[in-house]
Amino acid sequence: MEGIVKGKAGNSASGVLCLILKWVIILLFAVYTLFPLLWLLITSLKTNAEYFNNPFSFPAVPQFQNYINAFSQANLGQMIWNSVTVAVIATAANVFVAAMASYAISRFDFKGKEIFFAIFSAGVMVPLNALMVPYFTIFSRIGLLDSMNALRILYTAIGLPIAVIIIRGFMDSLPREIEEAAYIDGCGFFGRFFQIILPLSKTGLITAATFQFITCWNEFVYANLLTSSPQNKTIQIGIRYFTNQFTTDYVSMYAAIIIAIVPSVLGYAFFQKQIISGMTSGAVKG
Amino acid sequence: MKITKQDRIGIVLFLAPALLLILVFFIVPILSVGVTSFFKWNGITAPEFSGWQNYAKIFSDKVFWRSARNNLIWVAGACLVQVPLALIMAMVLSTKPRGWKIFRTVYFLPQVISGIAIAMLWSAVYNSEFGLLNGLLKLVGLGDSTRNWLGDPKTAFPCVLVYGLFYIGYFMVILMAGISDIDESYYEAATIDGASRLQMEWHITIPLIRYSIMTCVTLAAVYALRTFEQLYLLTNGGPANRTSVLVLYLYNQMRNNNYGGANASSMMLILTGTLVIIVVRRLFAEKRR
């Protein structure tokens, strides 16, 4: 297909025009995505005076002090640690629970297994933000309001539909013969799960885990609703602090935004393939 | 391989945790929202049955209708602007121009950054004094057009809505996956018949990735309905409730201890979402014939 299109485009005047148009829109979208980010990054290294004077100049001397200010004033270290522990625990629990359910559904033929799968996966379409009142009530009933355990439990649960879709899809692609030899050797239900299926599903598990981790890391709505004291805040709540506090210290605020963005961008740089395949495989079944 | 007795016990044990979590965090909450939307309830004292009163109250509230209208505009924007743009870019990048993988990476980037950080970024862009947008306008000699973008009732809602519509990476990647599954022989045959590039996209690509397009439209609509963070952060519904949406509306009701009213609003959101999904599926099913 490439060859055909290129061949056509190379010939006529309209082909050249097409080619120019194509590159204009490709670059426009790239600039749209990157320019505000780069502008913010550069501005976060300026002094306030430089910024007020000209929003598009480069800093005379990079002001790394802005980052230190941002870190110390909002106690961002504690918040980043909170986000890490919540995301790690909620991801581990989520993937393990989803893997167990997927194993049962994918590797055994029992009556109603597709009904179970439908119940597990339908949650993808639920507008979760509409469930604020019940979630708030549940956690206040069991006395977990304003605790990070509330977030760990909730994130484990709300990530299940997509995790089951991803992991089941992966397990379905493993041939059944794999377990048969082990079965004949007397390897039972649990042995086959831990020794055969789980190790072989590594790719699927990593995809689901990456996706879940990013979701947990970025979650704002329920972190905002269910926690209130400073020691329980996650990084996403933390950066909001700056909108209220630094009304004049813009450059520190911009530094804080960059701090909140960097972990996601780094994670994306390392796990791009898993992230993209995780997000699309979830979508295909939905 | 026969299912043994041990397998049967194992299956039950392995399904139980997921089932429990889904029950507690999806099924019961949705049912409870439905039931308590018919109760007068402040979250402290016991709920009291009140029939359709919560619904009557929100239906007579101008802010509710403003929020619902904004949500529908948001759905329309996502389905009619964002998804088509994503489709065009998916077609363009599927021709594998030089560096297409880098562009795919760049377009997808906003998807991995939290909505709240993106909203903060745009608050810096729209900032009334020294923001990027006003700065650019001054730079090109349009200093008269600068304004407090998020504070002006005329521009506040368009500003909060529009920036996300041009982040097309997520839908583009879904559509590109669909395009890469198309058998190349279709295009070869069409080329022999003398079809132009546009004709091929219109008559081959679009019909064959119809299912992926449907997925994108559905997701776009669902995301548009559950919009919350950016409004909460950028405008908190203001000025004068111009930028309120249903989730923000129900959040504020909950804040005012009107749990019954909040749940009636939630019900409207869930019902609208379900309706939109059904309509989208219908639309795309019709075309299939």
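Q: Which residues have the most contacts inside the largest nonpolar core?
A: Welcome to a predicted model, where local features need pLDDT of at least 70, side-chain atom pairs count only at pLDDT 80 or more, and totals for chains, interfaces and linings use all residues. Residues are numbered from 1 along each chain as its sequence is written, while chains are lettered from A and ligands numbered from 1 in the order in which they are written. A nonpolar core is a set of buried Ala, Val, Leu, Ile, Met, Phe, Trp, Tyr and Cys residues joined through C-beta atoms within 7 Å. The largest one has 172 residues, and those with the most contacts inside it are Ala98(A), Ala101(A), Ile257(A), Ala18(B) and Leu175(B).

Q: Which domains of chain A each give at least three residues to this core?
A: The bounds of domains come from an automatic or database domain assignment. At least three residues of the core come from each of two domains of chain A, namely domain 1 (2–65) and domain 2 (72–285).

Q: Which helix of chain B gives the most to the side that touches chain A?
A: The contact between the chains takes 80 residues from chain A and 75 residues from chain B. Helices (H or I, at least four residues) and strands (E, at least two) are DSSP runs, numbered from the N terminus. With 15 residues, the helix that gives the most on the side of chain B is helix 1 (residues 5–36).

Q: How many nonpolar residues are on the side of chain B that touches chain A?
A: Ala, Val, Leu, Ile, Met, Phe, Trp, Tyr, Cys and Pro count as nonpolar, Asp, Glu, Lys and Arg as charged, and the others, Gly among them, as polar. That side of chain B has six charged and 15 polar residues, and its nonpolar residues number 54.

Q: Why is helix 8 of chain A largely enclosed by the rest of the structure, and which helix of chain B do its buried residues pack against?
A: A residue is buried if 20 or more other C-beta atoms lie within 10 Å of its own, exposed if 12 or fewer, and partly exposed in between, with C-beta atoms placed from the backbone. Helix 8 (residues 148–158) of chain A is largely enclosed because 10 of its 11 residues are buried, including Met148(A), Arg152(A) and Tyr155(A). These buried residues pack against several helices of chain A, among them helix 5 (76–107) and helix 9 (160–172), together with one from chain B, helix 1.

Q: Is Asp146(A) buried or partly exposed?
A: Asp146(A) is found in the loop between helix 7 and helix 8 of chain A. Its phi is near 55°, a positive value in a residue other than glycine. With 14 other C-beta atoms within 10 Å, Asp146(A) is partly exposed.

Q: In which loop does Lys96(B) lie?
A: Lys96(B) is not a glycine, yet its phi is positive, at about 55°. Lys96(B) is partly exposed, having 13 other C-beta atoms within 10 Å. Its place is the loop between helix 3 and helix 4 (100–112) of chain B.

Q: At what angle do helix 3 and helix 13 of chain B pack?
A: Residues that meet here include Val63(B) and Phe64(B) in helix 3 and Leu246(B) and Tyr249(B) in helix 13. The residues of this contact divide into six nonpolar, two polar and no charged. Axes are lines fitted to C-alpha atoms, for helices over the stretch in contact, and angles run from 0 to 180 degrees between N-to-C directions. The axes of helix 3 (residues 62–94) and helix 13 (residues 246–255) are 8 Å apart, and the angle is about 150°.

Q: Which peptide bond is cis, with omega near -10°?
A: Look in the loop between helix 12 (229–234) and helix 13 of chain B, where Pro239(B) lies. The cis bond runs from Gly238(B) to Pro239(B).

Q: How far apart are the end C-alpha atoms of residues 264–284 of chain B?
A: UniProt, in an unreviewed entry, lists these residues among those for "transmembrane region"; its positions are given in the numbering used here, feature names are shortened, and annotations may be inferred rather than shown by experiment. The span is 100% helix and 0% strand, and its end C-alpha atoms are separated by 30 Å.

Terms used
Contact = placed C-beta atoms within 7 Å.
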